[in-house]
Amino acid sequence: MFRVLGPLEVEDGDERILLPGVRLRALLVALLLQPRTTVPAHRLIEVLWDEDPPQVPGNALHQVVRRLRTALGPLGTAVRTRPAGYELAVATGLVDAEVFEAAYREAGALSAADPDAAAAVLDRGLALWRGPAYGEFAEGFARAPAVRLEELRIAALEERAALQLARGAVPEAVAAGRQLLAGHPHRPRTVEVLMRALSADGRAAEALDVYRRHRELLADELGMDPRESLRELQTQILRGAVPAPREPPLRPPRPTPAGAVRALPWRPGPLLGRAADLALLGDCLAEQRLVTLVGPGGVGKTRLAVEAAHRRAGADAAVWWADLSTATPQRLVGSLAEATAVDLPRGSDAPGALAEALRDACGLLCLDNAETVLADLAPLAERLLAEVPDLALLVTSRERLDVAHEHVHVLAPLPVPADAARDTPAVRLFIDRAPGLEAGALSDDDVAVIADTCRRLDGLPLAIELGAARAPTFGLREFAARLAQGLDLLSGGRRTAAARHRSVRAVVDWSFRLLPDDEARLFTRLAVFPSSFTLDRAEAVCGGPPLTTPAVAPLLARLAEKSLVQAGDGRFWLLETLRAFADEHLGDDERRAVRARHAEDTAGRLAGWSALLWTPREPEAVAALGVLTADLHAAWAHAVRDDRPLAVRLAGDVHDFAYYHQRADLLEWGLTVAGWEVEHPRLPDAMATAAAAAWAVGRMADAEELTGRGLVAAGGPDSPTAARVMDQRAGLAMFAGQTEEAVRRYRRAADLYRRAGEPVLGLTIDLSVCQVMTYDGGAAEAAARAADLRAAVRASGNPSALAWWHYVLGEALVHSDPAGALASYTAAVEHASRVDNRLLVMLARSSAAPLLGEQDSPPVALRELGRLLDQWQDLGNTASQWWVLLSLAVLLGELGADRDAALLAGAVRSNQQHQPAFVRDRQRLEQALTAVRRRLGDEATDAASVEGARMPLQEALAVARQLIPTAGTLAPPPRTEERVPGVTRREGA
């Protein structure tokens with residue numbers, strides 16, 4: 001099927017074919033405008049290139065045709081070459097525009113004799129529309145055929161409204177007529193249909209008012225009078241002489257052969273993003289007699305059920321619709337009787353009378369919004385199914401009926417895009433429902449904002465539609481920014497929609513008002529969780545008076561059954577729109593109490609899992625802390641505002657996770673605490689967190705000062721509570737090239753860790769001593785010491801310890817065994833990746849990159865250095881970006897890009913106070929610069945170095961990113977090797 005009634009789509013069976021690139025889509029649309037007809041090549045060239053054709057247009061067109069055939073796969077054979085151009089040889093029934101036109105003609109032929117069949121045919125044709133015909137090309141070369149099809153679509157909608165009236169569905173005809181008139185006030189056919197429908201509904205005054213406003217509009221805007229037929233209709237209404245529409249039967253007969261539709265709701269537009277759900281629901285209805293469509297408010301249950309009902313009605317089946325939103329237990333049976341046109345006799349057994357009256361009925365009864373009367377509907381549904389053998393029920397509800405033989409279809413929100421993908425259901429729905437937005441005119445940045453908005457709206461179709469209706473008024477970015485302030489902007493929508501569907505708050509309030517007090521109280525308290533949570537967390541946080549802890553589990557289950565809480569894999573969560581509503585209904589005092597319990601619970605879990613980071617259970621601990629991250633931020637926000645001692649605990653306990661996983665957002669907690677005048681047992685660890693945050697952004701002097709304050713807070717450098725501060729302090733000495741001081745500090749840190757009962761951390765610090773020795777001429781001794789520690793590291797069973805051992809060994813083998821060093825770095829990355837230890841992964845890759853130029857090829861090393869620059873930036877670690885720039889400067893010198901090497905070397909040398917300045921790396925840089933100077937000359941080298949020295953980091957990064965793609969094409973100059981202690985120097989001959 002080739003679909004052009006909306007954005008271009010191609011389907012081959014169950015597979016959807018995506019056509020990349022505007023030209024491929026334009027070519028296919030140009031061929032679809034005239035299927036089975038040769039389209040001249042000059043016309044196709046004009047479509048594809050307009051006024052700027054290529055130098056050899058025929059050859060260029062041939063290349064686009066070839067790419068189109070490839071993209072279409074098996075369907076590519078339909079694109080055929082003809083002497084004068086190209087033809088799309090496709091059957092009539094495989095182009096949706098042609099199918100729609102055929103349906104329109106068939107309905108016209110049937111309308112007088114069989115309005116039911118005509119309406120069903122029109123429904124099938126109108127269901128093909130997904131948006132403006134020919135999509136992104138509707139305002140370009142396809143404008144004329146798009147306008148013609150749109151005119152035909154409006155005419156079909158007018159005919160559909162007239163058929164509703166002819167079939168006796170007067171309220172539906174009125175609603176359809178009003179909807180048409182709102183968009184097309186000048187069309188006489190629309191005015192006529194609405195006037196006749198209002199007159200048939202006993203609303204002659206309103207019908208005459210419609211005529212009056214139409215007459216005034218024509219006079220004011222066009223200087224015309226209404227057409228003669230409308231003036232005659234006005235006279236008939238004034239005289240009360242308008243023929244009454246056909247009356248529907250009082251009791252539904254078994255439909256033979258055509259089905260009957262009883263007052264089905266009008267479909268407001270194409271159903272987007274639910275093709276799979278619609279197909280699955282259709283399959284369920286074919287097999288099951290009771291199907292309950294369950295999901296949260298605003299997820300689109302009614303809209304999906306309406307579409308399924310119309311399709312069922314179009315397949316010669318009887319369908320009836322009952323909206324139970326206003327039904328009461330006393331009026332439930334009466335509501336079903338009205339929907340099925342049954343006259344109930346007076347008597348005590350109303351359910352029995354209804355079942356008896358429907359005994360011979362055959363069809364589908366749709367019961368919408370059943371959550372208001374579930375207790376009474378359940379036994380009634382069971383009785384109808386037992387006594388009416390050919391009746392099936394489709395129920396929409398926010399929870400299941402919970403009766404025998406019930407098949408539950410859970411309707412989830414639309415999938416939300418992980419990135420700025422245009423062709424996802426949520427984004428397509430937003431664009432389709434936003435007034436004035438054209439898909440082809442949106443930039444990638446616009447689509448990214450829309451995608452993020454859809455994620456924040458949980459993929460709920462109602463929320464997306466309401467948001468789309470408002471977004472163009474404020475602008476996409478302003479609307480997205482204001483969404484965080486609450487649900488107020490999510491209102492409006494179609495005027496014909498029910499009041500409870502005209503704002504997200506009203507939709508949620510509809511469910512909230514049905515909750516018993518205890519369920520409502522738990523629901524509002526659950527707003528404290530910013531992401532998913534487990535049952536034990538809900539009990540710990542939400543189980544305060546008047547809710548007892550044992551009561552939380554059954555109440556939570558009930559909320560999940562009512563679609564107010566989502567559940568899966570042992571975890572629970574609230575959709576963001578529901579969470580915002582719940583938070584609005586949480587009292588201020590209760591909100592403070594629940595947030596305090598949540599923060600304490602989160603802090604306890606952080607401490608518990610952090611204690612396992614240096615054990616064999618590290619993978620489990622890392623996964624748990626990753627899931628806890630959103631809660632950590634919520635707990636931190638509460639603690640900073642209301643509980644500073646708790647904030648110090650959090651900043652201290654988060655150190656190991658935040659540092660080794662390079663979470664800049666968590667490391668900054670330490671800097672916040674460092675600005676307070678506070679005393680706390682965990683303050684030394686919080687200061688270590690602050691120091692890690694400071695050196696990561698190049699503030700080495702500040703980091704040194706913070707570790708000094710941490711030692712004071714610990715009571716001196718010999719206190720076990722000073723272990724993490726001393727660890728950071730030793731690293732700073734290593735960065736400064738102070739080898740002996742770094743070794744001394746690391747050995748003291750190892751002793752403190754062991755005295756504090758953390759032997760694995762003590763073992764990793766022993767490895768750090770080896771690392772320092774490696775950088776200042778002690779590589780052989782470091783390798784031997786690392787080998788001695790191997791058994792203890794393996795016995796620890798800790799992935800990060802294993803990764804650290806492999807990394808240090810790789811550093812020791814860089815010059816003596818480059819291949820062995822690369823193998824060690826690879827092993828370090830593998831072990832560290834198991835536990836998402838980003839620090840060790842990035843350190844190993846950053847050290848390995850220079851070796852790649854020797855073992856593989858310079859372009860490989862250059863690409864890796866470019867990736868590392870970007871990834872260190874993503875982690876917020878600017879100090880390490882300088883370190884990578886140093887390696888890039890050295891590699892550029894080895895490739896003979898002398899001026900570029902001198903330029904970056906000048907930038908690196910002038911910013912040594914903001915980066916790790918390892919002794920070995922300083923030597924590498926100076927030797928590379930010496931070789932550059934010999935080839936380039938002193939004056940040019942100095943000039944480039946001085947220019948580089950003036951560059952801040954961002955400018956140096958921009959230069960580096962420009963150099964990387966071209967430097968890989970350079971041929972290295974001839975090299976000689978000169979060995980110096982611990983370093984191999986390579987320079988041009």
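1. Arg 25 has its place in helix H1, helices being DSSP runs of H or I with at least four residues, numbered from the N terminus. The model is predicted, so local features need pLDDT of at least 70 and side-chain atom pairs count only at pLDDT 80 or more, while totals for chains, interfaces and linings use all residues. Residues are numbered from 1 along each chain as its sequence is written, and side-chain values use heavy atoms, with hydrogens and water left out.

2. The side chain of Arg 25 makes a polar contact with the side chain of Glu 136 at 2.6 Å. It also reaches the backbone oxygen of Leu 19, at 3.0 Å. A polar contact here is a pair of N or O atoms within 3.5 Å; within protein, one must be able to donate a hydrogen and the other to accept it, and residues adjacent in sequence count only if both atoms are side-chain atoms.

3. Leaving aside residues up to four places away in sequence, Arg 25 touches Leu 8, Leu 19, Pro 20, Glu 136 and Phe 137. Contact means heavy atoms within 4.5 Å.

4. Helix H1 spans residues 22-32 and is mostly covered, with nine of its 11 residues buried. Buried stands for under 20% relative accessible area, exposed for over 50%, and partly exposed for values in between (1.4 Å probe, protein chains only). Arg 25 is among the buried residues of H1, as are Leu 24 and Ala 26.

5. Asp 446 sits in helix H17, residues 444-456. This residue is buried, with a relative accessible area of 16%. Not counting residues up to four places away in sequence, Asp 446 touches Leu 476 and Arg 477.

6. Pro 858 belongs to helix H40, residues 858-874, and is buried at a relative accessible area of 18%. Beyond residues up to four places away in sequence, Pro 858 touches Gly 853, Leu 891 and Leu 895. Its C-alpha atom is separated by 47 Å from that of Gly 475, 383 residues apart along the chain.

7. Helix H41 (residues 878-894) packs against helix H42 (residues 898-909) at about 155°, with the axes 8 Å apart. Axes are lines fitted to C-alpha atoms, for helices over the stretch in contact, and angles run from 0 to 180 degrees between N-to-C directions. H41 and H42 are therefore roughly antiparallel to each other, a label for angles over 145 degrees; under 35 is roughly parallel, 65 to 115 roughly perpendicular and the rest oblique.

Definitions and conventions: Helices (H or I, at least four residues) and strands (E, at least two) are DSSP runs, numbered from the N terminus.
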